[in-house]
Amino acid sequence: MTSVLVVSSQSLQRLGLRMLLTDQPDLTVSGEATTGPEAVRMSAALRPDVVLLDGRVQDCDGIDVIRRITHPPAFAATPGLSEAAARPPRVLVLMPDTHEQHAYAGLRAGAGGFVLESAAPEELVAAIRVVAVGDAVMTPNLTRALIDTVRQQQPVRPATTGVGLDTLTERERDVLTAIASGWSNAEIAARLNIASTTVKSHVSHILAKIGARARVHAVVFAYETGLVRPAA
């Protein structure tokens, strides 16, 4: 069973989420929090697999809450815990449709993914399962918003030999550049004149080499290392 801590200041939303999640055979709601500080405390006490965080939770800095949940010193310091039990919860943010620009800061704080609050129930459930196993998830709209935000925030600078970047082959750098430009696998295959299966293989190798969990993290990496320059 995957345990989920639901965090929302809206009672009706908490009720709806609880009903949705408890109806799934592999998910269980371990608790509900109404504020950011309460979410941090309950996360440490209950040790859920996933914290489902409403991006509009009141009385808190959402980015700080994400950081405190995903980087709690108490988890690593507790003796006798198994590796799974000592792992901090993963955070999935239920993002208001008008707050896409916060995705970049949330990822850097440790969020495992973002789902728009307008998403269908089955999309949210699927996202929880993806985040629970350590992968990252982000809807296409948020991926585009992330790319735009990173382009605006990262300074123009030459590429550096950061961790992982110097291990990429020339073709892998081409593919990573394309990923950071928002191209799909099909578009990369067509523009680089390679097979789709080859693109998938390159993407897997890139993620492994740079230590990224998903394409969205690779986008951030590409801009932060200067491999891709923000648009003027």
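Visitor: Why is Glu172 called buried in this structure?

Guide: In this predicted model, Glu172 has a relative accessible area of 4%, and buried means under 20%, so Glu172 is called buried. The residue lies in helix H9, which covers residues 170-180, and, not counting residues up to four places away in sequence, Glu172 touches Thr167, His202, His205, Ile206 and Lys209.

Visitor: Why is Glu38 called partly exposed?

Guide: The relative accessible area of Glu38 is 22%, and since buried stands for values under 20% and exposed for values over 50%, with partly exposed in between, Glu38 is therefore called partly exposed. Glu38 is found in helix H2, residues 36-46, and, leaving aside its neighbours within four places in sequence, is in contact with Glu32 and Ala33. Between the C-alpha atoms of Glu38 and Val7 there are 8.7 Å in space, although these two residues are 31 residues apart in sequence.

Visitor: What makes the contact between helix H11 and helix H12, and how do their axes cross?

Guide: The axes of H11 (residues 196-210) and H12 (residues 215-224) come within 10 Å and cross at roughly 65 degrees, and H11 passes H12 in a left-handed crossing. On the side of H11 the contact is made by Val203, Leu207 and Ile210, and on the side of H12 by Arg215, Ala218 and Phe221.

Visitor: Which classes of residue does the contact of H11 with H12 have?

Guide: The contact of H11 with H12 has five nonpolar residues, one charged residue and no polar residues; Arg counts as charged, and Arg215 of H12 is one of the residues that make the contact.

Technical notes:
Residues numbered from 1 in each chain as written. Predicted model: local features only at pLDDT ≥ 70, side-chain atom pairs only at ≥ 80, totals over all residues. Heavy atoms only, no water. Helix = DSSP H or I, 4+ residues; strand = E, 2+ residues; numbered from the N terminus. Buried < 20%, exposed > 50% of the residue type's maximum accessible area, 1.4 Å probe, protein only. Contact = heavy atoms within 4.5 Å. Axes fitted to C-alpha atoms, helices over the stretch in contact; angles between N-to-C directions. Left-handed = near helix turned anticlockwise from the far one by under 90°.
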